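Subject: Structure for you to look at

Dear colleague,

I am passing on the structure that I have been working through, and I would be glad if you read the notes below with the model open beside you.

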Amino acid sequence: MTQIAIVTYPGFTALDMIGPYEVLRNLPQTDVRFVWHESGPITADSDVLVLGATHSLAETPTPDVILVPGGPSTPAHARDEKLLDWLRRAHRTASWTTSVCSGSVILAAAGLLQGRRATSHWLTIPALKAFGAIPVSDERIVRQDNVITSAGVSAGLDLALWLAGEIGGEGRAKAIQLAIEYDPQPPFDSGHMSKASATTKAAATALLSKDSVTPANLTATTMLAWQQALAAVRSRRRKQQPVGASG
(Lines give C-alpha, C1' and ligand atoms only; values in the text may rest on other atoms or scores of the structure.)
Protein backbone atom coordinates (compact mmCIF):
# COMPACT_ATOMS: atom_id res chain seq x y z
CA MET A 1 0.00 0.00 0.00
CA THR A 2 1.41 3.36 -1.07
CA GLN A 3 0.50 6.12 1.36
CA ILE A 4 0.26 9.61 -0.11
CA ALA A 5 0.00 12.59 2.25
CA ILE A 6 -1.35 15.83 0.78
CA VAL A 7 -0.74 18.71 3.17
CA THR A 8 -4.07 20.49 3.59
CA TYR A 9 -3.49 23.89 5.16
CA PRO A 10 -5.87 26.86 5.44
CA GLY A 11 -5.62 29.10 2.38
CA PHE A 12 -4.53 26.41 -0.11
CA THR A 13 -5.27 26.88 -3.81
CA ALA A 14 -7.86 24.29 -4.82
CA LEU A 15 -6.44 23.07 -8.15
CA ASP A 16 -2.97 22.64 -6.60
CA MET A 17 -4.47 19.90 -4.47
CA ILE A 18 -7.54 18.56 -6.27
CA GLY A 19 -5.77 18.12 -9.62
CA PRO A 20 -3.07 15.80 -8.23
CA TYR A 21 -5.64 14.03 -6.04
CA GLU A 22 -7.80 13.16 -9.02
CA VAL A 23 -4.79 11.53 -10.69
CA LEU A 24 -3.27 9.79 -7.68
CA ARG A 25 -6.51 8.36 -6.30
CA ASN A 26 -6.71 6.20 -9.43
CA LEU A 27 -3.54 4.29 -8.57
CA PRO A 28 -4.03 0.76 -7.22
CA GLN A 29 -3.27 -0.04 -3.59
CA THR A 30 -3.00 3.64 -2.67
CA ASP A 31 -4.04 5.40 0.52
CA VAL A 32 -4.45 9.13 -0.19
CA ARG A 33 -4.66 11.27 2.94
CA PHE A 34 -5.37 14.97 3.39
CA VAL A 35 -3.27 15.84 6.42
CA TRP A 36 -3.06 18.80 8.79
CA HIS A 37 -2.41 19.45 12.48
CA GLU A 38 -5.78 17.89 13.18
CA SER A 39 -8.53 16.42 11.05
CA GLY A 40 -11.51 18.58 10.15
CA PRO A 41 -12.70 21.18 7.63
CA ILE A 42 -10.08 23.38 5.95
CA THR A 43 -11.02 26.45 3.89
CA ALA A 44 -9.32 27.19 0.56
CA ASP A 45 -8.00 30.59 -0.53
CA SER A 46 -11.41 31.45 -2.03
CA ASP A 47 -12.98 31.45 1.46
CA VAL A 48 -15.80 29.46 -0.17
CA LEU A 49 -14.50 25.96 -0.93
CA VAL A 50 -14.05 23.73 2.13
CA LEU A 51 -12.12 20.45 2.11
CA GLY A 52 -11.73 18.01 4.97
CA ALA A 53 -8.37 17.03 6.42
CA THR A 54 -8.84 13.27 6.87
CA HIS A 55 -5.84 12.65 9.15
CA SER A 56 -3.54 14.57 11.46
CA LEU A 57 0.17 14.96 10.82
CA ALA A 58 0.82 12.84 13.90
CA GLU A 59 -1.29 10.04 12.44
CA THR A 60 0.80 10.10 9.27
CA PRO A 61 4.47 10.03 10.34
CA THR A 62 5.95 8.06 7.42
CA PRO A 63 4.07 8.57 4.15
CA ASP A 64 5.59 7.20 0.96
CA VAL A 65 4.76 10.39 -0.94
CA ILE A 66 4.46 13.93 0.42
CA LEU A 67 2.69 16.59 -1.64
CA VAL A 68 2.60 20.23 -0.54
CA PRO A 69 0.26 22.51 -2.53
CA GLY A 70 0.61 26.26 -2.90
CA GLY A 71 -1.59 29.16 -1.96
CA PRO A 72 -1.48 32.81 -0.91
CA SER A 73 -1.06 31.76 2.73
CA THR A 74 2.23 29.98 1.96
CA PRO A 75 4.37 32.53 3.90
CA ALA A 76 2.42 31.88 7.09
CA HIS A 77 2.80 28.12 6.84
CA ALA A 78 6.47 28.45 5.90
CA ARG A 79 6.89 29.72 9.49
CA ASP A 80 4.93 26.88 11.08
CA GLU A 81 7.63 24.98 12.97
CA LYS A 82 5.40 22.00 13.73
CA LEU A 83 4.68 21.57 10.03
CA LEU A 84 8.33 22.10 9.08
CA ASP A 85 9.48 19.54 11.65
CA TRP A 86 6.95 17.02 10.33
CA LEU A 87 8.19 17.60 6.77
CA ARG A 88 11.82 17.07 7.79
CA ARG A 89 11.03 13.83 9.59
CA ALA A 90 8.67 12.48 6.95
CA HIS A 91 11.11 13.34 4.16
CA ARG A 92 13.75 11.03 5.67
CA THR A 93 11.71 7.94 4.83
CA ALA A 94 9.55 9.16 1.93
CA SER A 95 10.12 7.85 -1.57
CA TRP A 96 9.09 11.20 -3.03
CA THR A 97 8.76 14.68 -1.50
CA THR A 98 6.89 16.97 -3.87
CA SER A 99 5.28 20.38 -4.19
CA VAL A 100 2.95 22.28 -6.47
CA CYS A 101 3.19 26.02 -7.08
CA SER A 102 4.35 28.02 -4.02
CA GLY A 103 4.31 24.86 -1.93
CA SER A 104 8.01 24.68 -2.77
CA VAL A 105 8.56 27.70 -0.51
CA ILE A 106 7.36 25.58 2.41
CA LEU A 107 9.74 22.77 1.42
CA ALA A 108 12.51 25.36 1.17
CA ALA A 109 11.69 26.76 4.61
CA ALA A 110 12.05 23.22 5.98
CA GLY A 111 15.57 23.11 4.52
CA LEU A 112 14.69 20.45 1.95
CA LEU A 113 15.71 22.48 -1.10
CA GLN A 114 19.12 23.64 0.11
CA GLY A 115 21.48 23.41 -2.87
CA ARG A 116 18.77 21.79 -5.01
CA ARG A 117 17.28 22.97 -8.29
CA ALA A 118 13.62 23.79 -7.76
CA THR A 119 10.72 25.63 -9.32
CA SER A 120 7.55 27.32 -8.14
CA HIS A 121 4.86 29.71 -9.33
CA TRP A 122 6.49 32.54 -11.29
CA LEU A 123 5.49 34.99 -8.57
CA THR A 124 7.34 33.10 -5.82
CA ILE A 125 10.39 31.74 -7.66
CA PRO A 126 12.60 34.59 -6.28
CA ALA A 127 11.80 33.44 -2.73
CA LEU A 128 13.48 30.08 -3.31
CA LYS A 129 16.92 31.65 -3.62
CA ALA A 130 16.67 33.15 -0.14
CA PHE A 131 16.43 29.61 1.25
CA GLY A 132 19.48 28.33 -0.60
CA ALA A 133 17.64 26.66 -3.48
CA ILE A 134 18.64 27.03 -7.14
CA PRO A 135 15.56 28.63 -8.78
CA VAL A 136 14.43 27.28 -12.16
CA SER A 137 11.88 29.29 -14.12
CA ASP A 138 11.77 27.49 -17.48
CA GLU A 139 10.87 23.93 -16.48
CA ARG A 140 7.39 22.71 -15.53
CA ILE A 141 8.66 19.87 -13.33
CA VAL A 142 12.06 19.88 -11.67
CA ARG A 143 13.43 16.69 -10.14
CA GLN A 144 16.56 16.45 -8.03
CA ASP A 145 17.12 13.26 -6.09
CA ASN A 146 13.75 12.32 -4.57
CA VAL A 147 12.50 15.91 -4.39
CA ILE A 148 10.22 17.06 -7.19
CA THR A 149 8.83 20.57 -7.49
CA SER A 150 6.38 21.81 -10.10
CA ALA A 151 5.44 25.20 -11.45
CA GLY A 152 2.22 27.06 -10.77
CA VAL A 153 -1.21 25.54 -10.09
CA SER A 154 -2.03 23.53 -13.25
CA ALA A 155 1.48 22.01 -13.28
CA GLY A 156 0.30 19.85 -10.39
CA LEU A 157 -1.48 17.63 -12.93
CA ASP A 158 1.78 17.08 -14.79
CA LEU A 159 3.57 16.31 -11.54
CA ALA A 160 0.88 13.84 -10.50
CA LEU A 161 0.98 12.02 -13.83
CA TRP A 162 4.75 11.75 -13.55
CA LEU A 163 4.33 10.30 -10.05
CA ALA A 164 1.66 7.92 -11.33
CA GLY A 165 4.14 6.63 -13.89
CA GLU A 166 6.78 6.08 -11.23
CA ILE A 167 4.40 4.38 -8.79
CA GLY A 168 1.99 2.50 -11.06
CA GLY A 169 3.93 2.26 -14.29
CA GLU A 170 3.65 4.12 -17.57
CA GLY A 171 0.65 2.09 -18.75
CA ARG A 172 -1.37 2.96 -15.67
CA ALA A 173 -0.39 6.63 -15.89
CA LYS A 174 -1.51 6.79 -19.53
CA ALA A 175 -4.81 5.14 -18.62
CA ILE A 176 -5.38 7.73 -15.89
CA GLN A 177 -4.54 10.53 -18.31
CA LEU A 178 -7.15 9.24 -20.74
CA ALA A 179 -9.68 8.62 -17.96
CA ILE A 180 -9.55 12.28 -16.92
CA GLU A 181 -9.13 13.32 -20.57
CA TYR A 182 -6.12 15.47 -19.82
CA ASP A 183 -5.27 16.74 -23.30
CA PRO A 184 -4.58 20.48 -22.90
CA GLN A 185 -5.40 22.60 -25.93
CA PRO A 186 -6.00 26.06 -24.44
CA PRO A 187 -7.58 28.74 -26.61
CA PHE A 188 -4.84 31.18 -25.58
CA ASP A 189 -1.06 30.98 -25.38
CA SER A 190 -0.25 33.03 -22.28
CA GLY A 191 0.46 30.20 -19.85
CA HIS A 192 4.10 31.09 -19.23
CA MET A 193 5.80 34.39 -18.46
CA SER A 194 7.89 34.06 -21.62
CA LYS A 195 4.71 34.07 -23.73
CA ALA A 196 2.52 36.62 -21.95
CA SER A 197 2.27 40.29 -22.90
CA ALA A 198 3.04 43.06 -20.42
CA THR A 199 -0.68 43.78 -20.12
CA THR A 200 -1.45 40.12 -19.34
CA LYS A 201 1.34 39.96 -16.77
CA ALA A 202 0.01 43.04 -15.01
CA ALA A 203 -3.55 41.69 -15.03
CA ALA A 204 -2.41 38.30 -13.69
CA THR A 205 -0.41 39.94 -10.91
CA ALA A 206 -3.42 42.01 -9.91
CA LEU A 207 -5.60 38.89 -9.95
CA LEU A 208 -3.21 37.04 -7.64
CA SER A 209 -2.90 40.03 -5.34
CA LYS A 210 -6.61 39.84 -4.60
CA ASP A 211 -6.05 36.84 -2.35
CA SER A 212 -2.47 37.56 -1.29
CA VAL A 213 -2.76 41.16 -0.11
CA THR A 214 -4.45 40.60 3.25
CA PRO A 215 -3.07 41.84 6.59
CA ALA A 216 -2.28 38.30 7.74
CA ASN A 217 -0.51 37.27 4.52
CA LEU A 218 1.43 40.55 4.29
CA THR A 219 2.59 40.20 7.90
CA ALA A 220 3.63 36.59 7.34
CA THR A 221 5.51 37.50 4.16
CA THR A 222 7.36 40.33 5.93
CA MET A 223 8.28 38.11 8.89
CA LEU A 224 9.46 35.29 6.63
CA ALA A 225 11.67 37.68 4.65
CA TRP A 226 13.01 39.16 7.89
CA GLN A 227 13.88 35.72 9.28
CA GLN A 228 15.76 34.76 6.13
CA ALA A 229 17.64 38.07 5.99
CA LEU A 230 18.64 37.67 9.64
CA ALA A 231 19.73 34.08 9.06
CA ALA A 232 21.86 35.18 6.09
CA VAL A 233 23.59 37.89 8.16
CA ARG A 234 24.32 35.45 10.98
CA SER A 235 25.68 32.90 8.52
CA ARG A 236 28.06 35.48 7.01
CA ARG A 237 29.24 36.49 10.47
CA ARG A 238 29.96 32.89 11.43
CA LYS A 239 32.01 32.42 8.28
CA GLN A 240 33.99 35.61 8.95
CA GLN A 241 34.63 34.76 12.62
CA PRO A 242 38.29 33.77 13.24
CA VAL A 243 38.89 30.13 14.14
CA GLY A 244 38.92 29.76 17.93
CA ALA A 245 36.95 32.96 18.51
CA SER A 246 33.84 32.78 20.64
CA GLY A 247 30.81 34.97 21.28
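What covers the buried residues of α1? Before the reply, a word on what you are looking at: this is a predicted model, in which local features need pLDDT of at least 70 and side-chain atom pairs count only at pLDDT 80 or more, whereas totals for chains, interfaces and linings use all residues. Residues are numbered from 1 along each chain as its sequence is written, and side-chain values use heavy atoms, with hydrogens and water left out.

**Helix α1 and its cover**

Helices (H or I, at least four residues) and strands (E, at least two) are DSSP runs, numbered from the N terminus. The buried residues of α1, where buried means under 20% relative accessible area, exposed over 50% and partly exposed in between (1.4 Å probe, protein chains only), are D16, M17, G19, P20, V23 and L24. Their cover includes the strands β1, β2, β4 (50–53) and β6 together with the helices α6 and α7, with contact taken as heavy atoms within 4.5 Å.

**Strand β1 and the sheet**

Six of the six residues of β1 (residues 2–7) are buried, so this strand is largely enclosed by the rest of the structure. From β1, T2, I4 and I6 point one way, while Q3, A5 and V7 point the other way. Strands of a sheet pair through backbone hydrogen bonds, either parallel or antiparallel; here two strands are said to pair if DSSP finds at least two bridges between them. Six bridges join β1 to β2 (residues 30–36), and these two strands run parallel; the bridge partner of I6 in β2 is F34. Between them the chain passes through α1 (residues 14–24), and this β-α-β crossover is right-handed, a term for a path from the first strand over the helix to the second that runs clockwise with the strands pointing away from the viewer.

Three bridges join β1 to β6 (residues 65–68), also in parallel, and A5 has I66 as its bridge partner in β6. Altogether, seven strands form an open sheet in the order β5-β2-β1-β6-β7-β11-β10, with mixed pairing. Its edge strands, each of which pairs on one side only, are β5 (55–56) and β10 (141–144).

**How the helices pack**

For the angles below, axes are lines fitted to C-alpha atoms, for helices over the stretch in contact, and angles run from 0 to 180 degrees between N-to-C directions. The axes of α1 and α6 (residues 155–168) come within 8 Å and cross at roughly 25°. These two helices are therefore roughly parallel to each other (angles under 35 degrees count as roughly parallel, over 145 as roughly antiparallel, 65 to 115 as roughly perpendicular and the rest as oblique). In this pairing, G19, P20, V23 and L24 of α1 meet residues of α6, among them G156, L157 and A160.

Helix α6 also packs against α7 (residues 170–179), at an angle of about 140° and with the axes 6 Å apart. Here L161, A164, G165 and G168 in α6 meet E170, R172, A173, I176 and Q177 in α7.

**One residue further along**

Lastly, Q227 lies in helix α9 (residues 215–240) and is partly exposed, with a relative accessible area of 34%. Q227 and R79 are 148 residues apart in sequence, and their C-alpha atoms are 9.2 Å apart in space.

With best wishes
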